[in-house]
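Here is a short note for someone opening this structure for the first time. Please read the points with the model on screen.

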Amino acid sequence: MSVKVLITKSYDELSKKAAEIVASTIRNKPNLVLGLATGGTPMGCYRELIRMHREEGLDFSEVVTFNLDEYIGLSPDHPQSYRYFMDENLFRHVNIRMENTHVPDGMSKDPRKTCEEYEDAIRKVGRIDLQLLGIGSNGHIAFNEPSSPFDSRTRVVSLSERTIKDNARFFKSIDEVPRQALSMGMGTTTEARKIILLASGAGKAEAVAKSVEGKITTDVPASVLQKHPDCTFILDEEAASKLSGKVTKF
Ligand code: GLP
C-alpha cells in the first residue's frame, strides 16, 4: 500500500482541491464525521468551504467535527488556542451546530479523563469518516511527535523543540508557546476511513519525502500513513520538491 500524491500548482489550488473533496464528501453523507486540523496550511481550505457554504449552500447542519489537538493551558478565548482558531476560521461562518464541534479541553483539571472522554465521543459516533491533516516539519501529525507509538490514543504530549520553534511564529515570543498539548493519538488518527494530508512550502519538502517514500518508522510519524488504505497527500510544488517522482500521482 502507498499514499496517493496530488501535486498542485499553488497553495490556492491545493486549498480548493482539499475543499472540493471535503464538500463532495459532505454532500454524499450530510452527517459526516469530519476530523479537522489547525495551523496555517488548512486556512485556505476553510476559506473555500465558507465560500461554498455562502454561495453554493454547502450544508454543515448535520456535520460532526473532531479536532486533532489543543494546547494545554490556553482557554477557548485565547487567540492562539485551537478552539478559538476553529471558531474564527470556520465554525462561526457556516451553519454547523456548535455542540457538534469537538476540540479537546486544554484547560481541563483532569486531562487524562478528558482524553478518555474524547476517545469515547469519537467511538459514540462510530469512526471519523474523513480526516484532514497537516504535517510538522519533523513529520509530526496532530501533536504526535517523533517516537509516538503507532497505536497511541488521545493523550497528554510534550512538544518537541522543533515544533515549539515552528509554532512560535503565531505567538508574541517563543516563551509563550505552551510546552504541552492534548493530542489525538496515532492510532486514533489513522483509524479514519479516509485521510487527506495537506502540505505547502519548501519547509515541508523533507518531511513529505520521508513520509511518502521513506521507511515506515516512528521517527517520522506521518510515514505510518503508507499503511493506510485511503490516504492522499495534497501538495504544492515546493512541498513536493524532494519526492523522487516515482510516487503514484493522479
Ligand atoms: C501544529 C499542529 C499540526 C499541524 C502543524 C503544521 O503543530 N498541531 O496539526 O499539522 O502544526 O502547521 P502549519 O500548517 O502551520 O505548518
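**Notes on the predicted model**

1. Start with Ser-211. Ser-211 is buried, with a relative accessible area of 0%. Buried means under 20% relative accessible area, exposed over 50%, and partly exposed in between, using a 1.4 Å probe and protein chains only. Ser-211 sits in helix 7, residues 205-213. Its side chain reaches the backbone oxygen of Ala-207 at 2.6 Å. Beyond residues up to four places away in sequence, Ser-211 touches Ile-135, Val-220, Ala-222, Ser-223, Gln-226 and Phe-233. Contact here means heavy atoms within 4.5 Å.

2. A word on the ground rules. This is a predicted model, where local features need pLDDT of at least 70, side-chain atom pairs count only at pLDDT 80 or more, and totals for chains, interfaces and linings use all residues. Residues are numbered from 1 along each chain as its sequence is written, and side-chain values use heavy atoms, with hydrogens and water left out. Helices (H or I, at least four residues) and strands (E, at least two) are DSSP runs, numbered from the N terminus.

3. Seven strands form an open sheet in the order 1-10-9-6-2-3-5, with parallel pairing. Strands 1 and 5 stand at the edges, each with a single partner strand, so one side of each has no neighbour in the sheet. Two strands count as paired if DSSP finds at least two bridges between them.

4. Look at strand 10, residues 231-236. Six of its six residues are buried. Cys-231, Phe-233 and Leu-235 point one way, while Thr-232, Ile-234 and Asp-236 point the other way. In a regular strand the side chains alternate between the two faces of the sheet. Phe-233 is also one of the residues that Ser-211 touches.

5. Which strands pair with strand 10, and in what sense? Strand 1 (residues 4-8) runs parallel to strand 10 and is joined to it by five bridges. Ile-7 stands opposite Leu-235. Strand 9 (residues 194-199) also pairs with strand 10 in the parallel sense, over five bridges. There, Ile-195 stands opposite Cys-231, and Leu-197 stands opposite Phe-233.

6. Thr-189 is another covered residue. Thr-189 counts as buried, at 0% relative accessibility. Its place is in helix 6, residues 186-190. Leaving aside neighbours within four places in sequence, Thr-189 is in contact with Leu-68, Gln-131, Leu-133, Asn-144, Met-184 and Ile-195. Ile-195 is the residue that stands opposite Cys-231 in strand 10.

7. Next, the largest pocket. Its volume is about 510 Å³. A pocket is an open set of points on a 1 Å grid over the protein atoms alone, where a 1.4 Å probe fits and protein lies on both sides within 12 Å along at least five of seven lines; lining residues have an atom within 4 Å of a point. The lining has 27 residues, and Thr-38, Gly-39, Gly-40, Tyr-82 and Asn-167 lie nearest the centre. Strand 4 (69-71), helix 3 (82-89) and helix 5 (161-167) each give two or more residues to the lining. By class, the lining has 13 nonpolar, ten polar and four charged residues.

8. Helix 3 deserves a separate look. Six of its eight residues are buried. They are Tyr-82, Arg-83, Phe-85, Met-86, Asp-87 and Asn-89. The cover over these residues includes strand 2 (33-36), helix 2 (43-56), strand 3 (64-67), strand 4, strand 5 (101-102) and helix 5.

9. Is Glu-145 buried or exposed? Glu-145 counts as buried, at 6% relative accessibility. It lies in the loop between strand 6 (130-133) and strand 7 (155-158). Apart from neighbours within four places in sequence, Glu-145 is in contact with Asn-138, His-140, Ser-158, Leu-159, Ser-160, Thr-163 and Pro-221. Glu-145 and Glu-99 are 46 residues apart in sequence and 29 Å apart in space, C-alpha to C-alpha.

10. Finish with Pro-111. Pro-111 counts as partly exposed, at 26% relative accessibility. Its place is in helix 4, residues 111-125. Pro-111 touches Val-156 and Leu-182, not counting residues up to four places away in sequence.

Definitions and conventions
Points joined across faces, edges and corners; volume = space filled by probe spheres on them. Nonpolar A, V, L, I, M, F, W, Y, C, P; charged D, E, K, R; others polar. Polar contact = N/O pair within 3.5 Å; in protein donor to acceptor, adjacent residues only side chain to side chain.
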